[in-house]
Amino acid sequence: MTSNGRKARVTSTDVAREAGVSRSTVSYVLNDTPHQVIPDATRQRVLEAAALLAYAPSAAARALRSGRSNLVLCLLPDLPVGDTLGRYLKDLSIAFAGHDLTFLVHPRMHGTQSIADVWKAISPAAVVSLEEITDEDAATMRAAGIEVAVLSWSTARLRSRELTMPEAPIGRLQAEYLASSHRRIGYALPDDDRLRLVAEARLAGVREVCAGRGVPEPLVRTVPMDADAAAEAIRSWRSATPPVTGVCAYNDDTALAILAGLSVLGLRAPQDLAVIGADDIPAAALTVPPLTTVATDLSSEARKVADAVARALAGESVPRVLEPTTAEIVVRESA
């Protein structure tokens, strides 16, 4: 025990003492060092001592031996962490673990620590950012030997350090589904500016389909998470010329607000207004009526990001635009 009452960390010296061998022998055995001839009995004794003492190698020591840490720092901007983002972060953690990399999420609030303060404190092998970072910050990290990847959702403006997972295909799927039976389509933006980048990328896909089919430009309205405010957007869609009869919502949460607004007006989906969401959150199947939506394979997307970062760390070339995530329509009763 230390002077403050906490249990002292078990070191390789403790393992060596327990096994009756030198520290270098412990290092050779636990790191499976090549070209070292260690008798099987000695090797077994070291392994048993390490297990008995619950020895865990120091991450700092491991980083010194390998030349880099195994940490991937995720810079998470001030985003609402709902079901979809929560699942995505979990899938990223699992995907990076498959490359023996530890995924560490650091939420960033404006006006708090600088990016440099964060990465210098932990010396990661790579930084994955879900927000844009400055050229200066990126250059400083790369000069320190840190791989940098900024996740982007639009191919409209590519920068050399970005990994892009296009979101437009989700909007295209939504619009293709509605355009077959609706003369005019609406689009529901979230009222949270933090979500606008992804929302605008999906809207671009909806616009592409409308242009390709020769139907009017989608009528865009912002829909707050409030039933009465959503009802106002619905009135606007229905009073347009020609009226909007089907709406693509940025995500399922926005679609749920539209369903609530329909209820306020005494209207129903899809008879009075068809609604399709995106992301297939658990609540989508429980709404009245159940919500038609677009389901995406988040685990596959996470693996693509982790594979790209691992390849970059190995000195391999990485495509700037990743293959679009597999997505499909989940047909329910709202559209």
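Which residue stands opposite G186 in β8?

Modeller: The residue opposite G186 in β8 is V247. The model is a predicted one, in which local features need pLDDT of at least 70 and side-chain atom pairs count only at pLDDT 80 or more, while totals for chains, interfaces and linings use all residues. Residues are numbered from 1 along each chain as its sequence is written, and side-chain values use heavy atoms, with hydrogens and water left out.

The chain holds 12 helices and 11 strands. These elements are DSSP runs numbered from the N terminus, a helix being H or I over at least four residues and a strand being E over at least two. Of the chain's 335 residues, 44% count as buried, where buried means under 20% relative accessible area, exposed means over 50%, and partly exposed lies in between (1.4 Å probe, protein chains only).

Strand β8 comprises residues 246-249, and both of its faces are covered. G246 and C248 are buried on one side, and V247 and A249 are buried on the other.

On the pairing, two strands are taken as paired if DSSP finds at least two bridges between them. Strand β6 (residues 185-190) runs parallel to β8 and is joined to β8 by four bridges. Besides the G186 and V247 position, A188 of this region stands opposite A249 in β8. Strand β9 (residues 274-276) is also parallel to β8, with three bridges between them; here V247 stands opposite V275. In general terms, the strands of a sheet pair through backbone hydrogen bonds, in either a parallel or an antiparallel sense.

These pairings belong to an open sheet of four strands, ordered β7-β6-β8-β9 with parallel pairing. Its edges are β7 (219-223) and β9, each of which pairs on one side only. On average, neighbouring strands of this sheet are turned by 25 degrees against each other, direction ignored. For such angles, axes are lines fitted to C-alpha atoms (for helices, over the stretch in contact), and the angles run from 0 to 180 degrees between N-to-C directions.

Helix α11 (residues 252-264) forms, together with β8 and β9, a right-handed β-α-β unit; right-handed here means that, with the strands pointing away from the viewer, the path from the first strand over the helix to the second runs clockwise. Helix α10 (residues 227-239) lies across β6, β7 and β8 and runs at about 170 degrees to β7.

A disulfide is a covalent bond between the sulfur atoms of two cysteines; the rule applied requires a pair of cysteine sulfur atoms within 2.5 Å. By this rule the count is zero disulfides. C210 is in none, the nearest cysteine sulfur being that of C248 at 7.4 Å. Likewise C248 is in no disulfide, and its nearest cysteine sulfur is that of C210, 7.4 Å away.

Strand β1 (residues 71-76) is joined to strand β2 (residues 102-107) by six bridges, and the two run parallel. The bridge partner of C74 in β2 is V105. From β1 the chain passes through helix α5 (residues 83-97) to β2 in a right-handed β-α-β crossover. V72 has F103 as its bridge partner in β2, and V72 also stands opposite A126 in strand β3. β3 (residues 126-129) pairs with β1 in the parallel sense over four bridges. In β1, five of its six residues are buried, whereas in β8 the four named residues G246, V247, C248 and A249 are all buried.

Finally, for the chain overall, 68% of the contacts with a separation of 6 or more are between residues 24 or more positions apart, contact meaning heavy atoms within 4.5 Å.
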